[in-house]
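This report goes through one protein model, part by part. Keep the sequence and the 3D view open while reading.

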Amino acid sequence: MMMVDMSVEVGKDGKLSCGYSSFRGKRATMEDFYDIKNTKIDGQTVCMFGIFDGHGGSRAAEYLKQHLFDNLMKHPQFLENTKLAISETYQQTDVDFLDSEKDSYRDDGSTASTAVLVGSHLYVANVGDSRTVISKAGNAIPLSEDHKPNRSDERKRIENAGGVVMWAGTWRVGGVLAMSRAFGNRMLKQFVVAEPEIQDQKIDEEFELLVLASDGLWDVVPNEDAVSLARTEEEPEAAARKLTEAAFTRGSADNITCIVVRFQHDKADPANPQHN
């Protein structure tokens, strides 16, 4: 397991720190990747967190780690229209990945669950079945909805494009893929798109924790459990480790990767009000 600690000023009166834990678990190979970036663009603090869970190989997930956030920061409207920049960049990065693999016989794919913080504005973009959950005043609130083929709107989109959703141990696109959106997956690209769903929120004092993880966690740890476990640890890297260990103990058979971001807010002390 590997940890990192990062402390960053967010907005005028808050800061965040983050930690991560990544564990191969019971799988023979590791196909999870993650990325954490912290920079300033035109004087604006920008933090990016991403979980990329590969399937059919690790190539797509590794490509996203290497290129997705760099591509996003180069988008000409990144600061002015962050949602548009995310949507266009994610779909273009998918095109670029497929182009880079056009001479290969592999058909790798990957999820992406990402949180992009621009100043005090949070954008959560999701492709696939990794997930981002926030703890707000002690409540677990999912900021992404898993892209599963049996989700009614996803099933309709796939069938309208000429695809089929079949039961094969679980619901699968074409009887093959257990998620309805992904990067890569050339053979199913007509139905399995890389267009992200994006939620945006303004960070306020009720925001405590952000948990991003691959489905190796979410398959066995409900959102509420993940938040309550993470809240017991002061340090985010210890919280991330606790979550991966809990998933393994609860029987997760998958790779498990988790990022925990903790928000610290400088609240005025009501006992000592400031007098000007």
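## A glycine in a strand

Gly19 is part of strand β2, which covers residues 14–23. Gly19 counts as buried because its relative accessibility is 0%. Buried means under 20% relative accessible area, exposed means over 50%, and partly exposed is in between, with a 1.4 Å probe and protein chains only. The C-alpha atoms of Gly19 and Asn139 are separated by 21 Å, and the two residues are 120 residues apart along the chain.

The model is predicted: local features need pLDDT of at least 70, side-chain atom pairs count only at pLDDT 80 or more, and totals for chains, interfaces and linings use all residues. Residues are numbered from 1 along each chain as its sequence is written, and side-chain values use heavy atoms, with hydrogens and water left out.

## Cysteines

How many disulfides does the structure hold? There are 0 disulfides, a disulfide being a pair of cysteine sulfur atoms within 2.5 Å. Cys18 is in none, and the nearest cysteine sulfur, that of Cys47, is 8.0 Å away. Cys258 is also in no disulfide; for this residue the nearest cysteine sulfur belongs to Cys18, 11 Å away.

Cys18 counts as buried, since its relative accessibility is 0%. Cys258 counts as buried at 0% relative accessibility.

## Nonpolar cores

In soluble globular proteins, nonpolar side chains tend to be buried together. A nonpolar core is a set of buried Ala, Val, Leu, Ile, Met, Phe, Trp, Tyr and Cys residues joined through side-chain atoms within 4.5 Å. The largest one in this model has 23 residues, and those with the most contacts inside it are Leu72, Phe78, Ile86, Tyr90, Val116 and Phe183. At least two residues each come from β3 (32–41), β4, α1 (59–74), α2 (82–100), β6 (112–118) and β7 (121–127). The element that gives the most to this core is α1, with 5 residues.

Which residues does Leu72 touch, leaving aside its neighbours within four places in sequence? Leu72 is in contact (heavy atoms within 4.5 Å) with Met48, Phe78, Ala85, Ile86, Thr89, Tyr90 and Val116. A second, separate core has 20 residues, including Ala115, Ile259, Val261 and Phe263.

## The largest pocket

A pocket is found on a 1 Å grid over the protein atoms alone: it is an open set of points where a 1.4 Å probe fits, with protein on both sides within 12 Å along at least five of seven lines, and its lining residues have an atom within 4 Å of a point. The largest pocket holds about 330 Å³ of space; grid points are joined across faces, edges and corners, and the volume is the space filled by probe spheres set on them.

Its lining has 19 residues, with Asp129, Arg172, Ala178, Met179 and Asp215 nearest the centre. Two or more lining residues come from each of β4 (44–55) and β11 (171–173), and β4 gives the most, with 3 residues. By class, the lining of the largest pocket has 6 nonpolar, 5 polar and 8 charged residues. Ala, Val, Leu, Ile, Met, Phe, Trp, Tyr, Cys and Pro count as nonpolar, Asp, Glu, Lys and Arg as charged, and the others, Gly among them, as polar.

## Positive phi angles

Ala137 is not a glycine, yet has a positive phi of about 55°. Ala137 sits in the loop between β8 (131–136) and β9 (139–142), and counts as partly exposed because its relative accessibility is 46%.

Asn185, also a residue other than glycine, has a positive phi near 50°. Asn185 is in the loop between β12 (183–184) and β13 (197–202). At 5% relative accessibility, Asn185 counts as buried.

How values were computed. Helix = DSSP H or I, 4+ residues; strand = E, 2+ residues; numbered from the N terminus.
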